[in-house]
Amino acid sequence: RQRMFRLYVEWSPSGERPARFWVTSLLHRRPDEIMGLAALGRRSAADRREMERDFGVRDFEGRSYAGWHRHMTLVSAAYAFHKLERHVRRQRTGTD
């Protein structure tokens, strides 16, 4: 049985060459849904950089798994609180 795949291409701003490629087996999804999923990779990379820069996700220097787990839990909780607080603030002020 052959499997079917679909290739999506994002072109560079100049239009001369492809900038990114995605191969998917999600043939039953609309192209805008696939591109939305592809954009999540960029969003998660930006979130990771923000967690490294502002919340110290990479600052753990301990030796135990329990200590690392506690550190990651606290960083994650602080980041989630930050994102939720920002969202509430934007809703109140009507800014985007």
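This report walks through a predicted model, from its hairpin to its helices and the side-chain pairs between them.

Residues are numbered from 1 along each chain as its sequence is written, and in this predicted model local features need pLDDT of at least 70, side-chain atom pairs count only at pLDDT 80 or more, and totals for chains, interfaces and linings use all residues. Side-chain values use heavy atoms, with hydrogens and water left out.

## The hairpin

Strand β1 covers residues 6-11, and strand β2 covers residues 18-24. Helices (H or I, at least four residues) and strands (E, at least two) are DSSP runs, numbered from the N terminus. The two strands pair in the antiparallel sense over 6 bridges. Two strands count as paired if DSSP finds at least two bridges between them. Arg6 stands opposite Thr24 in β2. Together β1 and β2 make a hairpin, with 6 residues between them. Gly15 sits in the turn and has a positive phi of about 75°.

In a regular strand the side chains alternate between the two faces of the sheet. Leu7 belongs to strand β1. Is Leu7 buried or exposed? Its relative accessibility is 53%, so Leu7 counts as exposed. The cut-offs are under 20% relative accessible area for buried, over 50% for exposed, and in between for partly exposed (1.4 Å probe, protein chains only).

Leu7 also takes part in a nonpolar surface patch of about 460 Å², made with Phe5, Phe21 and Val23. Patches are made of residues with over 30% relative accessible area and no salt bridge; like charges are joined within 9 Å, nonpolar side chains (Val, Leu, Ile, Met, Phe, Trp, Tyr) within 5 Å. Accessible areas come from the Shrake-Rupley method with a 1.4 Å probe, and for residues only the protein chains shown count as cover.

## Salt bridges

Side chains of opposite charge can pair when their charged atoms come close. A search of the whole structure finds 12 salt bridges. Each is a side-chain nitrogen of Lys or Arg within 4 Å of a carboxyl oxygen of Asp or Glu.

| Pair | N to O distance |
|---|---|
| Glu10 and Arg42 | 3.6 Å |
| Asp32 and Arg30 | 3.0 Å |
| Lys83 and Glu50 | 4.0 Å |

Glu10 is partly exposed at 25% relative accessibility. Arg42 is partly exposed too, at 38%.

Lys83 and Glu50 meet in a salt bridge. Lys83 lies in helix α2 and Glu50 in helix α1, so this pair ties together parts that are 33 residues apart in sequence. Lys83 is partly exposed, with a relative accessible area of 27%. Glu50 is buried, at 9%. Helix α1 covers residues 31-55.

Which residues does Glu50 touch, not counting those up to four places away in sequence? They are Arg43, Phe55, Tyr79, His82, Lys83 and Arg86. Contact means heavy atoms within 4.5 Å. A network of salt bridges links Arg43, Asp47, Glu50, Lys83 and Arg86.

## Aromatic pairs

A search of the whole structure finds 2 aromatic pairs. Phe55 and Tyr79 form one that is edge-to-face, with 5.5 Å centre to centre and 85° between the planes. Phe55 lies in helix α1 and Tyr79 in helix α2 (residues 65-93), so the pair ties together parts that are 24 residues apart in sequence. Tyr79 is buried, with a relative accessible area of 8%.

Tyr65 and Trp68 form a tilted pair, with 5.7 Å centre to centre and 35° between the planes. They are 3 residues apart in helix α2, so about one helical turn separates them. Tyr65 counts as exposed at 59% relative accessibility. Trp68 counts as partly exposed at 37%.

Rings of Phe, Tyr and Trp (its six-membered ring) pair if their centres lie within 6.5 Å; planes under 30 degrees apart count as stacked, over 60 as edge-to-face and the rest as tilted.

His71 lies in helix α2. At 18% relative accessibility, His71 counts as buried. Leaving aside neighbours within four places in sequence, His71 contacts Gly56, Val57, Asp59 and Phe60.

Gly41 lies in helix α1. Gly41 is partly exposed, with a relative accessible area of 42%.
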